[in-house]
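Have a look at it first, then read on.

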Amino acid sequence: MYGPGTLDERVTTLQGLGVGIVRFTLRWDEVAPAKPAQQRDPGDAAYTWGPSGDVLDALHARGIPVLVTL
């Protein structure tokens with residue numbers, strides 16, 4: 001999530017290096033500060049994906065697999 005340049009630049013660098021998988025630590029207390037009504041629905045209003053969602057979306061858009069740790 002953090003580092004020099006934009007998120008797109010960092011993901012481009014990862015892709016250029018041929019990274020096969022990215023390990024990403026997700027702070028669940030930030031993503032789901034309240035219990036969601038529909039836990040299996042990532043669009044539930046209780047979820048606040050914010051920057052974590054941006055990172056996951058960017059990696060998925062480039063086809064880079066992600067190993068998420070909570």
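H1 passes H3 in a right-handed crossing; a crossing is right-handed if the near helix is turned clockwise from the far one by less than a right angle, and left-handed if anticlockwise. Bear in mind that this is a predicted model, where local features need pLDDT of at least 70, side-chain atom pairs count only at pLDDT 80 or more, and totals for chains, interfaces and linings use all residues. Residues are numbered from 1 along each chain as its sequence is written, and side-chain values use heavy atoms, with hydrogens and water left out.

**How the two helices meet**

- Helix H1 covers residues 7–16 and helix H3 residues 50–61, and they pack at about 40 degrees with their axes 10 Å apart.
- That angle makes H1 oblique to H3, since under 35 degrees counts as roughly parallel, over 145 as roughly antiparallel, 65 to 115 as roughly perpendicular and the rest as oblique.
- The axes here are lines fitted to C-alpha atoms, for helices over the stretch in contact, and angles run from 0 to 180 degrees between N-to-C directions.
- On the H1 side, Leu7, Val11 and Leu14 make the contact, while H3 brings Asp54, Val55, Ala58 and Leu59.
- Sorted by class, that contact has 6 nonpolar residues, no polar ones and 1 charged (Ala, Val, Leu, Ile, Met, Phe, Trp, Tyr, Cys and Pro count as nonpolar, Asp, Glu, Lys and Arg as charged, and the others, Gly among them, as polar).

**The strands and Phe24**

- E1 pairs with strand E2 (residues 66–69) in the parallel sense, over 4 bridges; pairing takes at least two DSSP bridges between the strands.
- Phe24's bridge partner in E2 is Val68.
- Val22 and Phe24 sit on the covered face of E1, with Arg23 and Thr25 on the uncovered one.
- Phe24 is buried, at 8% relative accessible area (buried is under 20%, exposed over 50%, partly exposed in between, with a 1.4 Å probe and protein chains only).
- Leaving out residues up to four places away in sequence, Phe24 touches Met1, Ser52, Val55, Leu56, Val66, Leu67, Val68 and Thr69, where contact means heavy atoms within 4.5 Å.
- Phe24 and Val66 are 42 residues apart in sequence, yet 6.7 Å apart C-alpha to C-alpha.

**The whole chain**

- There are 3 helices and 2 strands, with helices (H or I, at least four residues) and strands (E, at least two) taken as DSSP runs numbered from the N terminus.
- Along the sequence, the pattern reads α-β-α-α-β.
- Of the 70 residues, 27% count as buried.
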